[in-house]
Amino acid sequence: MNLNPQALEKITHLTLEHYNQCAEEFWEGTRDHDVGQNIRALLQYIEGMPPFTILDFGCGPGRDLKVFAELGHIAVGLEGAAHFAAMARAHSGCDVWQQDFLKLDLPDNHFDGVFANAALFHVPSQELPRVLLELYASLKPGGVLFSSNPRGHNEEGWHRGCYSAYHDLGTWRRYVSAAGFVELTHYYRPAGLPREQQPWLASVWRRLAS
């Protein structure tokens with residue numbers, strides 16, 4: 001697949017427009033989801049003493065952003081959909097940067113952790129290596145990336161109004177490892193169910209300390 005700049009602009013525009021239009025419905029449907037397992041998975045691998053500086057990448061309406069702040073961390077949200085970004089600021093009281101995932105402007109060596117919960121699967125595979133390198137650069141040496149994505153058999157395209165890529169574990173490992181990260185752990189969600197009932201692949205990665 002070779003997506004030209006016009007195709008990438010269309011992917012960004014239509015995906016963000018989908019979320020802007022369904023923002024309130026999305027919030028009502030997800031505000032009570034328990035992703036404590038994912039938050040703990042990120043925090044347990046961050047070295048040093050808290051508070052940590054955390055980037056909630058694709059923070060949506062700010063559910064998890066608020067949790068990080070309430071735990072005492074310095075939490076910053078990043079969100080492409082304008083409606084979500086406004087909701088996240090109001091809900092969490094945190095800074096929220098409105099940025100297109102494909103046009104990131106991140107500080108180097110800044111974050112102790114990046115929390116990408118249900119976000120990176122919207123990045124076209126063609127652009128994923130570059131985006132992962134940008135996230136790598138935004139982490140302090142030794143910093144930690146958490147990601148959780150709906151898994152599949154490497155299908156990619158439009159699904160329910162959004163552009164999505166559904167990677168299997170092997171493919172996801174190749175992408176993230178190629179960006180320089182070292183895998184710390186991975187698991188499937190929801191916990192305690194048979195694998196065929198666990199649609200989410202979660203993984204934790206470290207930027208090397210040197």
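Which exposed residues does the face of H7 turned away from its buried side carry?

## Helix H7

The face of H7 turned away from the buried side carries Arg174 and Ala178, which are exposed (over 50% relative accessible area, with buried meaning under 20% and partly exposed in between, for a 1.4 Å probe and protein chains only). In this helix, which spans residues 169-178, Leu169, Thr171, Trp172 and Val176 are buried. Seen down the axis of H7, these buried residues fall within an arc of 165 degrees (taken from the directions from the helix axis to the C-beta atoms), so they line one face of the helix.

The cover over the buried residues of H7 includes helix H6 (128-138) and the strands S5 (139-150), S8 (182-189) and S9 (200-206). Helices (H or I, at least four residues) and strands (E, at least two) are DSSP runs, numbered from the N terminus.

## About the model

This is a predicted model, in which local features need pLDDT of at least 70 and side-chain atom pairs count only at pLDDT 80 or more, while totals for chains, interfaces and linings use all residues. Residues are numbered from 1 along each chain as its sequence is written, and side-chain values use heavy atoms, with hydrogens and water left out.

The structure holds zero disulfides (pairs of cysteine sulfur atoms within 2.5 Å). The sulfur of cysteine 94 is 8.9 Å from the closest cysteine sulfur, in cysteine 59, which is too far for a bond.

Cysteine 59, in the loop between strand S1 (53-57) and helix H4 (63-70), is buried, with a relative accessible area of 7%, and cysteine 94 is buried at 12%.

Note on methods: Contact means heavy atoms within 4.5 Å.
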